[in-house]
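Subject: Structure for your review

Dear colleague,

Please find below the structure that I am handing over to you.

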Amino acid sequence: MTAISLPISDRQRAHDFYTNGLGLEPVGPLGDDNLPEPLRYDIDGTSVLLIPTGGFNWAIADRQLATSNSVGCLVTIGAATDDEVDDIFKRAEKAGATAIVAPTRQPWGMYAATFADPDGNAWMTTSMPLEDESP
């Protein structure tokens, strides 16, 4: 399994954000709090594990978590169209995300937006430019 693990402070809040805000489906058996344990989402063959900070601190030992205003990792969700990028960004904001970069065409051609989840983890959504169809 390939997984990206992100620290969270509140399982219910994280579940609501990722399920309702990003439209992802959680996987796995339910725990005592009626949420999947571990709280996991699969995106195109990669698992995203949302780990409460206590458990996350155990895994990183004496290293410090990034503060909410710093970025240690940028996770990207691909979108099929620019409109889908806009939709993901709007849903994320409505569910409590903080906008970092509004949807815009980047100088290198891709259309992208960046936001932080309620725990400060950075996410980007992007659609790749159409291939040049000129001969």
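Arg-11 belongs to helix H1, which covers residues 11–21. Helices (H or I, at least four residues) and strands (E, at least two) are DSSP runs, numbered from the N terminus. The model is a predicted one, in which local features need pLDDT of at least 70 and side-chain atom pairs count only at pLDDT 80 or more, while totals for chains, interfaces and linings use all residues. Residues are numbered from 1 along each chain as its sequence is written, and side-chain values use heavy atoms, with hydrogens and water left out.

Arg-11 is buried, with a relative accessible area of 14%. Here, buried means under 20% relative accessible area, exposed means over 50%, and partly exposed lies in between (1.4 Å probe, protein chains only). Other buried residues of H1 include Ala-14, His-15 and Phe-17.

Leaving aside neighbours within four places in sequence, Arg-11 is in contact (heavy atoms within 4.5 Å) with Asp-33, Leu-35, Pro-36, Glu-37, Leu-39 and Pro-52.

Which residues does Arg-11 meet in a salt bridge? A salt bridge is a side-chain nitrogen of Lys or Arg within 4 Å of a carboxyl oxygen of Asp or Glu. One partner of Arg-11 is Asp-33 (2.7 Å, N to O). Asp-33 lies in the loop between strand E2 (26–27) and E3, and Arg-11 in helix H1, so this pair ties together parts that are 22 residues apart in sequence. Asp-33 counts as partly exposed, at 36% relative accessibility. Glu-37 is also a partner of Arg-11 (3.1 Å, N to O). That pair links distant parts of the chain, 26 residues apart, with Glu-37 in the loop between E2 and E3. Glu-37, at 45% relative accessibility, is partly exposed.

Asp-119 is in the loop between strand E7 (111–116) and strand E8 (122–127), 106 residues apart from Arg-13. Salt bridges that share partners join Arg-11, Asp-33 and Glu-37 into one network. The whole structure holds six salt bridges.

Finally, the strands. Two strands pair if DSSP finds at least two bridges between them. E1 (residues 3–8) and E4 (residues 46–52) run parallel and are joined by six bridges. E3 (residues 39–43) runs antiparallel to E4, with five bridges.

Yours sincerely,
A colleague
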